[in-house]
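Welcome, and thank you for taking a look. Please open the sequence and the structure side by side, and we will walk through a few places together.

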Amino acid sequence: MPQLRIALAQVNPTVGDLDGNARLIVEWAKRAADRGAHLVLFPEMMLTGYPVEDLALRGSFVTASRRALERVARRLADEGLGDLPVVTGYLDRRADATGGRLGQPAGAPLNAAAWLHRGEVAVRSAKHHLPNYGVFDEYRIFVPGDRLPVVRLHGVDVATIVCEDLWQDGGPASAAGAARAGLLLALNASPYERNKDDVRLDLCATRAREAGCALAYVNAVGAQDELVFDGDSVVVGPDGALLARAPQFVEHLLVTDLDLPAASGDTTASAHDDSDGTTITIDRYALDAAAPGAAGPEPAEVFEPLDDLAEMYGALVTGTRDYVRKNGFRSVILGLSGGIDSALVATIAADAIGPENVHVVLLPSRYSTSHSVSDAEELVKRQGLNARTVAIADMVAAFEAQLDLHGLAAENLQARIRANVWMGLSNEHGHLVLTGGNKSELATGYSTLYGDSAGGFAPIKDLVKTNVWALARWRNTAVGTDVPFLHPFPVEPIPDEIIVKEPSAELRPGQRDVDSLPPYDELDPLLVDYVERDLGHDALIDAGHDPDLVDRIIRLVDLAEYKRRQYPPGPKITPKNFGRDRRLPITNRWREPSAQ
Ligand SMILES: Nc1ncnc2c1ncn2[C@@H]1O[C@H](COP(=O)(O)OP(=O)(O)OC[C@H]2O[C@@H]([n+]3cccc(C(=O)O)c3)[C@H](O)[C@@H]2O)[C@@H](O)[C@H]1O
Ligand SMILES: Nc1ncnc2c1ncn2[C@@H]1O[C@H](COP(=O)(O)OP(=O)(O)OP(=O)(O)O)[C@@H](O)[C@H]1O
Ligand SMILES: NC(=O)CC[C@H](N)C(=O)O
């Protein structure tokens, strides 16, 4: 039985950085070669980053991706890595004059995969199934591929598919089975959402059994705007048994030795894709690669996935870190009120980019309680953040002297003056402004437009309030553990007083969230059912929610769409976030009907 040592490079590309991503390919291919790999596999669209969105429609970008692919193939050979087959995702176009969906004159864009070998692009193929739901718009920008490459390497037939191809029953994985492949490689950029790691592992096991061969699944890691990639690359055997698993949220080279069946000599030329009724043409290639030099044994690595709270926190840290760094910022600024939301955002930021790069402003008004200020100061001390206090009373008074504002208008003025302070400091010092709203507030419109909702990135916008508290508690318990994406604070970073106090916007005397909103333990499950599960009025009541509350909350959520559209982006961690996922009209007279 031939043995292949495969290396899965779970790495963090940046969208549009063709040179930087090419350098990552060379660097990680070198690591794979040093460990005696026969083959190294990179994620979907590795060379361009993912998702490229409408960059795919720019002919110049497609051409640049194709050229970068050829350059990286040559460079691998120049660096003495030419004999190691490198499989990577990239952006290509159809060779024929078939136009794209938006009428590109020729060469419609493809979400492509290539085998690089001995300085050449030896094999090219394209993703067959283009996801077009949730956060994905691939049908809008790509045309589907219709071929399955099967590459003979050291006596094993190896097939390649791309991400969504794996999610189809009877699809390309089953075509790999029809082609009698001995190993199936899947290149992925599969965004994180809660519990998706378990779904993906089950899926890999199912597809391995369907293809009748081992399956290697490499996923990207890192973040791109709203999307976070958690890695969690896996290798499973033909029976679906887990053989190797990479850690989540960190770059990793997962090296696995596999005993694989010798190529059968099968020459099946095409297979039926039961999932869409198309025919997939099987393209066969043979690579004449020299065997790598002897390297030491590689014990299989099987990392335990993180638990639910650790995983969510890891996604928020990763999303924040990569947004800050990939957009060229070194530091962030936010208002620290002494409340739980800004406390958690500050802590996530400190974990993401180091407390020395986090700047907070305490902006007490005449309604701020003394314990708000002292709680904020205690958090600053525990985490070693950069802090300053700017009293806003005089600024509010100056504004009020010029305008006759009352009630809510006067309350919101405080929030808008605070936003001016942090935007001013951002302009002056180049800090990115972090926005502190959570998903419960975004859902109900409980925030001030151009006030607390102002900023550049919103780390907890996909986290309902009850989970804000849960993550704050989890973060304190994680002190002293070896969770990789945390700053090593020696003490609990979030003072308990902040976690246990009753939430308040402190815009008027004695204001409490419960004056405007139901208790969060009633509100949040209802929001999840309405926003993430799209249950209608009657279905919400059937699910056990209080009918009066259902009416009230549906109305609040529907009316706040205009605020959400103007909200900064933030990491998606649930099955449906506000932003790429949940797209509703702002101008909208539809109200959920009640049959009951
Ligand atoms: N369809 C639409 N399209 C575009 N714009 C629309 C609009 N409908 C209203 N508007 C605009 O929106 C304005 C109303 O929104 P906005 O100005 O936000 O004001 P509003 O939503 O009335 O008040 C903000 C609420 O958020 C609460 N809150 C909660 C938590 C924190 C904070 C904080 O500030 O720290 C505040 C605060 O207590 C208050 O209840 C209107 O005056 C109008 O200009
Ligand atoms: N006194 C303040 N000093 C600095 N920033 C403030 C102050 N009050 C409000 N902010 C800013 O406005 C945001 C919104 O306030 P809000 O009251 O909703 O959140 P919070 O105070 O962090 O948490 P909670 O909602 O639990 O009280 C805060 O996250 C913070 O960034
Ligand atoms: N890039 C993709 O094709 C991703 C789609 C896929 N269903 C996933 O989330 O894993």
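## Around the ligand

Ligand 1 has 16 residues around it, and the closest are Ala-415, Thr-448, Leu-449, Ala-505 and Tyr-562; a residue is near a molecule if its C-beta atom, placed from the backbone, lies within 6 Å of it. Helix H10 (residues 407-429) gives the largest share of this shell, four residues. Helices here are DSSP runs (H or I, at least four residues) and strands are E runs of at least two, numbered from the N terminus. Sorted by class, the shell holds eight nonpolar, six polar and two charged residues. Ala, Val, Leu, Ile, Met, Phe, Trp, Tyr, Cys and Pro count as nonpolar, Asp, Glu, Lys and Arg as charged, and the others, Gly among them, as polar.

A word on the model: it is predicted, local features need pLDDT of at least 70, side-chain atom pairs count only at pLDDT 80 or more, and totals for chains, interfaces and linings use all residues. Residues are numbered from 1 along each chain as its sequence is written, while chains are lettered from A and ligands numbered from 1 in the order in which they are written.

## The annotated binding site

An unreviewed UniProt entry marks Asn-412, Glu-441 and Lys-563 as "binding site". Such positions are given in the numbering used here, feature names are shortened, and annotations may be inferred rather than shown by experiment.

Asn-412 sits in helix H10 and is partly exposed, because 19 other C-beta atoms lie within 10 Å. Lys-563, in helix H18 (residues 561-565), has 20 such atoms within 10 Å and is therefore buried. The cut-offs are 20 or more for buried, 12 or fewer for exposed, and partly exposed in between, with C-beta atoms placed from the backbone and counted within 10 Å.

Leaving aside neighbours within four places in sequence, Lys-563 is in contact with Gly-445, Ser-447, Leu-449 and Ser-453. Contact means that the two C-beta atoms, placed from the backbone, lie within 7 Å.

## The annotated active site

The unreviewed UniProt entry also lists Glu-44, Lys-127 and Cys-163 as "active site". They are spread over 120 residues of sequence, yet they cluster in space, with a largest C-alpha distance of 9.4 Å.

Glu-44 belongs to the loop between strand S2 (39-41) and helix H2 (59-78), and Lys-127 to the loop between strand S5 (120-126) and helix H3 (138-141). Why does Lys-127 count as buried? Lys-127 does so because it has 25 C-beta neighbours inside 10 Å.
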